[in-house]
Amino acid sequence: MVALFRGCRNFYKRSHKHVALTLVSCRSMASKTPVGFIGLGNMGTPMARNLLKHGYPVIATDVFPESCKEFQDSGAQILDCPAEVADKADRIITMLPSSPNVIEVYTGPNGILKKIKKGTLLIDSSTIDPAVSKEMAVAAEKMGAVFMDAPVSGGVGAASLAKLTFMVGGVEEEFNAAQELLTCMGANVVYCGQVGSGQDVLFCKTGVKIK
């Protein structure tokens, strides 16, 4: 009877531990699952390559076919539009030239939010108007997703060497999930506050003109 009790108790402990683990954020256990990347320009391409170097399968798209072909040769999967990327990945990074580009990529006819899955983590590393970051966060929240702004300090050389600094704004509880990916592309990842704070800190730090 004692042996039976101990066996039941050990089974309960193992079961309880399993339940506890399953309650942990799925993203914290999602290492090496596909990561979406949208925007394969001078900064985006080396950033996405660094994700590949760290073993993350990357699903990407860009408006310029030549950029897609070059990145596909590096081992990434290329899709036709942001919506298709959102259909295949639940962690997506965007690196785009300006606020209008971000609005189009997220909310346009073929945008991310057209096929986004609930629980998706969206990280925007574009340098844009903080008001647009907040607008995208609201739109993402309505779809059950999480949006964080994470603009960068550092140029193409820093991007190639994974030496960027990321200034992150968004829900603090999601920072660790974002940090997992951003540390593959940068030397410093700093939490700045709520959505839009990353853009604000970048402007104060560098005086970069927001587009």
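**Figure legends: close-up views of the model**

**View 1. The surroundings of Gly 170.** Leaving aside residues up to four places away in sequence, Gly 170 touches Met 148, Asp 149, Tyr 191, Gly 193, Gln 194 and Val 195 (a contact means heavy atoms within 4.5 Å). The model is predicted: local features need pLDDT of at least 70, side-chain atom pairs count only at pLDDT 80 or more, and totals for chains, interfaces and linings use all residues. Residues are numbered from 1 along each chain as its sequence is written, and side-chain values use heavy atoms, with hydrogens and water left out. Gly 170 belongs to the loop that runs between β8 (164-169) and α8 (175-182); helices (H or I, at least four residues) and strands (E, at least two) are DSSP runs, numbered from the N terminus. Because its relative accessible area is 0%, Gly 170 is buried (under 20% relative accessible area is buried, over 50% exposed, and in between partly exposed, with a 1.4 Å probe and protein chains only). Ala 150 stands 20 residues from Gly 170 in sequence, and their C-alpha atoms are 8.8 Å apart in space.

**View 2. Arg 91 and its polar partner.** Arg 91 is part of strand β4, which comprises residues 91-94. Its relative accessibility is 1%, so Arg 91 counts as buried. The side chain of Arg 91 is joined to that of Thr 33 by a polar contact of 2.9 Å (a pair of N or O atoms within 3.5 Å; within protein, one must be able to donate a hydrogen and the other to accept it, and residues adjacent in sequence count only if both atoms are side-chain atoms).

**View 3. The buried side of helix α5.** In α5, the buried residues are Ser 99, Val 102, Val 105 and Tyr 106. These residues lie on the same side of α5, because they cover an arc of only 130° around the axis (the arc is that of the directions from the helix axis to the C-beta atoms). Several elements cover the buried residues of α5, including the strands β1 (35-38), β4, β5 (121-124) and β6 (146-149). The helices α4 (82-88) and α6 (130-142) are also among the elements that cover them.

**View 4. The two faces of helix α3.** Helix α3 spans residues 65-72, and its buried residues are Ser 67, Cys 68 and Phe 71. Seen down the axis of α3, these residues fall within an arc of 100°, so they line one face of the helix. Which exposed residues does the face of α3 turned away from its buried side carry? That face bears Pro 65 and Glu 66. Among the elements that cover the buried residues of α3 are helix α2 (44-53) and the strands β2 (58-61) and β3 (77-78).

**View 5. Val 138 in helix α6.** Val 138 is located in helix α6. Is Val 138 buried or partly exposed? With a relative accessibility of 44%, Val 138 counts as partly exposed. Val 138 and Val 195 are 57 residues apart along the chain, while a distance of 9.8 Å separates their C-alpha atoms.

View 6. The secondary structure of the protein chain consists of 9 helices and 9 strands. The chain has 211 residues, of which 47% count as buried. Of the contacts in the chain between residues at least 6 apart in sequence, 63% join residues at least 24 apart.
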